[in-house]
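Welcome to this guided tour. Please open the structure in your viewer and keep the selection tool ready.

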Amino acid sequence: MTKTVFTNAKLADGLLHDITVEQGQITSIEPAGSETASVSIVEIAGDMLVPGFVEGHIHLDTSFYGDTWMPHRPCTNGFDVHERVVFQAENMAAAAPMDKRARDQLDLCISNGTLHMRSHVMVDSSVGLKSLETILAVREDYKDIIDIQLVAFPQSGILKSPGTPELLDEAIKLGADLVGGLDPASFDRDVNAHLDVVFGIAEKHGVDVDIHLHDAGSMGAFTIEEICARTVALGMQNHVAISHAYGLGDLLPDTARKIAATIAKSGVSIMTNAPGNHTFPPISLLRREGVTVFSGSDNIRDSWWPYGDGDMLRRAEIIGYRSGFYTDEDLQAAFDIVTSEGAKALQLHDYGIQVGAKADFVTFSATCIPEAVVSFPKNRKVFKGGKMVAEGNKKIR
């Protein structure tokens, strides 16, 4: 049996440890110098060793990363989801092949330490199942390097896009892991009918749900309450996520606290990437109430905005900066959002630096987690199942 010991690895407690890996799994964690008999030794030399980052929300099918530069087109009047969808369709028609762009984006994320990912993939009458088929093939090629969950995402709406309910159903049969939704109130103009489709497919196939919700203020809050009620009624606690939930950032503290308690009781998770030009959920308040908050890059250099570097440690810094996180406790919370909380939201039960978990981890030079969040060091080594897959910000497998 192959056994590798990763020696002198600094863990979150600040102490050096030896971590033994066998058959891609962590089998022991001991104080540094404890392990002497081993087949192979990897010297970590005092660098921090942390779990692989969890990219909880990304779009592998629509990024232009690695393609020619695509100038951003502003909406006619502020932010409009309908108009951005039109821009996206026009830009995608002129883009490089989807599989190449998806691979370029995956390589970027892996090189920065992401080893678990949830990607939303367009499934609607405008593209059918073609995008999903392409990304499924890419996922198969990368299965030994990164774990990827795919969400069947109705980018053009469900009710407004004829045939989409049937396509979403077929997408799950084809290999998508979750069913998604998009702004039931503002986009499809019928919250109940939209959620009937989403939760109906989830219940039929026994899959989880992850719904995009951009709606602001009371409209967004009402939709969140409806999603929470459906979740509880169907016994789907801890199997539903709401992505973005901008409206939570518009509410007065007492109102936000009340709805946060509802979210916590329903077991619904909230994803935020702390975008620069939108309100976003009050992370500290949600966490105090017991809500699982996780994060993702969302869009990387696509039709929605030109930013994104695929670095979830940098994303933790952005979350902390925008949330006013200053103390070590706060900065640790930002780190948890891109690691353990993301693992919880994605139902990753063999995650973490603990005996029995997969040996999926990242090393870098930092004295502690809070320092890593504010400095996001780039000298990283990335290990999947105990085997190095990236070093120096380049994928090597």
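A salt bridge is a side-chain nitrogen of Lys or Arg within 4 Å of a carboxyl oxygen of Asp or Glu. With that in hand, select Asp 147, Asp 350, Lys 358, Asp 360 and Lys 384: a network of salt bridges links these residues. Keep in mind that you are looking at a predicted model. By the salt-bridge rule, the count comes to 19.

**Stop 1: helices H2 and H3**

Now colour residues 98-111, which form helix H2, and residues 130-141, which form helix H3. Two packed helices are described by the angle between their axes and the distance between the axes. At what angle do H2 and H3 pack? The angle is about 45 degrees, and the axes are 10 Å apart. That angle makes H2 oblique to H3, since angles under 35 degrees would count as roughly parallel and those from 65 to 115 as roughly perpendicular. The crossing of H2 and H3 is right-handed.

Show the side chains where the two helices touch. From H2, pick Met 98, Asp 99, Ala 102, Arg 103 and Leu 106; from H3, pick Ser 131, Thr 134, Ile 135, Val 138 and Asp 141. Sorted by class, this contact of H2 with H3 has 5 nonpolar, 2 polar and 3 charged residues.

**Stop 2: along H2**

Stay with H2 and select Lys 100 and Asp 104. Their side chains meet in a salt bridge, with 2.7 Å from N to O. Lys 100 and Asp 104 are about one helical turn apart, because they sit 4 residues from each other in helix H2. Lys 100 counts as partly exposed, at 40% relative accessibility.

Next, select Ser 111, which also lies in helix H2. Is Ser 111 buried or exposed? Ser 111 is buried, because its relative accessible area is 5% and buried means under 20%. Leaving aside residues up to four places away in sequence, Ser 111 touches Val 382, Ala 390, Asn 393, Lys 394 and Lys 395.

**Stop 3: from H4 to H5**

Select Lys 204 and Asp 169. These two form a salt bridge whose closest N and O atoms are 3.1 Å apart. Lys 204 belongs to helix H5 (residues 191-205) and Asp 169 to helix H4 (residues 164-174), so the pair ties together parts that are 35 residues apart in sequence.

**Stop 4: helices H5 and H6**

To see the contact, show Val 191, Asn 192, Leu 195, Asp 196 and Phe 199 of H5, together with Phe 222, Thr 223, Glu 226, Ile 227, Arg 230 and Thr 231 of H6. By class, the contact of H5 with H6 has 5 nonpolar, 3 polar and 3 charged residues.

**Stop 5: helix H9**

For the last stop, move to helix H9, residues 312-323. Glu 317 and Arg 314 both lie there, 3 residues apart, which is about one turn of the helix. Their side chains meet in a salt bridge, with 3.3 Å from N to O. Arg 314 is partly exposed, with a relative accessible area of 30%.

Definitions and conventions. Residues numbered from 1 in each chain as written. Predicted model: local features only at pLDDT ≥ 70, side-chain atom pairs only at ≥ 80, totals over all residues. Heavy atoms only, no water. Axes fitted to C-alpha atoms, helices over the stretch in contact; angles between N-to-C directions. Parallel < 35°, antiparallel > 145°, perpendicular 65-115°, else oblique. Left-handed = near helix turned anticlockwise from the far one by under 90°. Contact = heavy atoms within 4.5 Å. Nonpolar A, V, L, I, M, F, W, Y, C, P; charged D, E, K, R; others polar. Buried < 20%, exposed > 50% of the residue type's maximum accessible area, 1.4 Å probe, protein only.
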